[in-house]
Amino acid sequence: MLEVMPRLLVMRAAHRDNPSLAAIPIILPSNAPSYALKWISLLLPDFHVETKALQDVLTVRRLLIPGWGSRFVYSDVVQDELELLTTPYRQEGIPRKRIFVDRRVQSYRILANSQALQDIAASYGFESISPENLTLEQQIALFASADDVIGEFSSALHNSIFSPAGCRVMAMNYITECQSRIGNFRKQRVGYILPREGPISFDPSIKGERHFEIDPATFERKLNIMLKRQ
């Protein structure tokens, strides 16, 4: 999402200035994940998509490859397009949402005491959601209306790219700089809580699942700081 979706936003901006660009087909491999087509359908509905087998040979005379930035540093075009995309989903005059992102996908890492943390967060008005169970439009709408977001460091938490400036984000664990870069780009405040044993990142030498915990007392103390209750 952090690389391909911004490219589509750049193409959307270019298409707005030059509608003839829709004549250029978007080429996808036949094994592309289904969400790729969903993003294209949502952001570039006027474009035609062609799927090709990996062994197909193509002759290309002209090729458009949109850039998205570098190391999660994005252009102002992406910023402007994100605002155009998310503004219609923000409803004025209603309380802003507090979201606990519940990550429920198979992975090498598992937050073992997630439910206990969710229960604490719920007492502060946080709603637990699993983005993978929502449509793209529902995900955008949910995060576009959020002032406070908590979750395990993951692609699900990176949906905060749709949240407004000033949104407060608490990431449990740390893997790369991308969540901080999102925060800087979108003018959000980002903090981290690390597992007792330190950051849990992918290590090919370690087989199987790696279970880790976030100390509940530390979590609640940091939550109060996040919400400016102490």
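1. Starting in the sheet: Ile150 stands opposite Met170 in β7. That pairing belongs to β6 (residues 146-152) and β7 (residues 168-172), parallel strands joined by five bridges. For the bookkeeping, two strands pair if DSSP finds at least two bridges between them. Helices (H or I, at least four residues) and strands (E, at least two) are DSSP runs, numbered from the N terminus.

2. Some ground rules before going on. This is a predicted model, with local features needing pLDDT of at least 70 and side-chain atom pairs counting only at pLDDT 80 or more, while totals for chains, interfaces and linings use all residues. Residues are numbered from 1 along each chain as its sequence is written, and side-chain values use heavy atoms, leaving out hydrogens and water.

3. Now the rest of the sheet. What is the strand order? It reads β5-β3-β6-β7-β8, an open sheet of five strands with parallel pairing. β5 (127-129) and β8 (189-193) are the edge strands, each with a single partner, so one side of each has no neighbour in the sheet. From one strand to the next, the twist averages 20 degrees.

4. Next, a helix pair. Two packed helices are described by the angle between their axes and the distance between the axes. Helix α1 (residues 4-17) and helix α3 (residues 76-86) have axes that come within 9 Å and cross at roughly 85 degrees. That makes α1 roughly perpendicular to α3. On the cut-offs: under 35 degrees counts as roughly parallel, over 145 as roughly antiparallel, 65 to 115 as roughly perpendicular and the rest as oblique. The axes are lines fitted to C-alpha atoms, for helices over the stretch in contact, and angles run from 0 to 180 degrees between N-to-C directions.

5. Which residues make that helix contact? From α1 come Met5, Pro6, Leu9, Val10, Arg12, Ala13 and Arg16, meeting Val77, Val78, Glu81, Leu82, Leu84 and Leu85 in α3. Contact here means heavy atoms within 4.5 Å. By class, the contact of α1 with α3 has 10 nonpolar, no polar and three charged residues. The classes are Ala, Val, Leu, Ile, Met, Phe, Trp, Tyr, Cys and Pro as nonpolar, Asp, Glu, Lys and Arg as charged, and the others, Gly among them, as polar.

6. Two backbone spots deserve a look. Most residues other than glycine have a negative phi. Phe72, though, has a positive phi near 65 degrees; Phe72 sits in the loop between β2 (49-52) and α3 and is buried at a relative accessible area of 17%. Asn173 also has a positive phi, near 90 degrees. Asn173 lies in the loop between β7 and α6 (178-186) and is buried at 0% relative accessibility. Buried means under 20% relative accessible area, exposed over 50%, partly exposed in between (1.4 Å probe, protein chains only).

7. Arg71 lies in the loop between β2 and α3. Is Arg71 buried or exposed? Exposed, at 55% relative accessibility. Leaving aside residues up to four places away in sequence, Arg71 touches Glu177 and Arg181. Arg71 and Cys178 are 107 residues apart in sequence and 7.6 Å apart in space, C-alpha to C-alpha.

8. On to the rings: the structure holds five aromatic pairs. Trp39 and Phe162 form a stacked one, 6.1 Å centre to centre with 25 degrees between the planes. Trp39 is in helix α2 (residues 34-43) and Phe162 in the loop between β6 and β7, so the pair ties together parts 123 residues apart in sequence. Trp39 is buried at 9%, and Phe162 is buried at 0%. Rings of Phe, Tyr and Trp (its six-membered ring) pair if their centres lie within 6.5 Å; planes under 30 degrees apart count as stacked, over 60 as edge-to-face and the rest as tilted.

9. The rings of Tyr108 and Phe202 have centres 5.3 Å apart and planes at 65 degrees, so this pair is edge-to-face. Tyr108 lies in the loop between β3 (97-101) and β4 (109-111) and Phe202 in the loop between β8 and β9 (210-212), so the pair ties together parts 94 residues apart in sequence. Phe202 is exposed, with a relative accessible area of 55%. Elsewhere, ring pairs link Phe153, Tyr174 and Tyr192 into a cluster.
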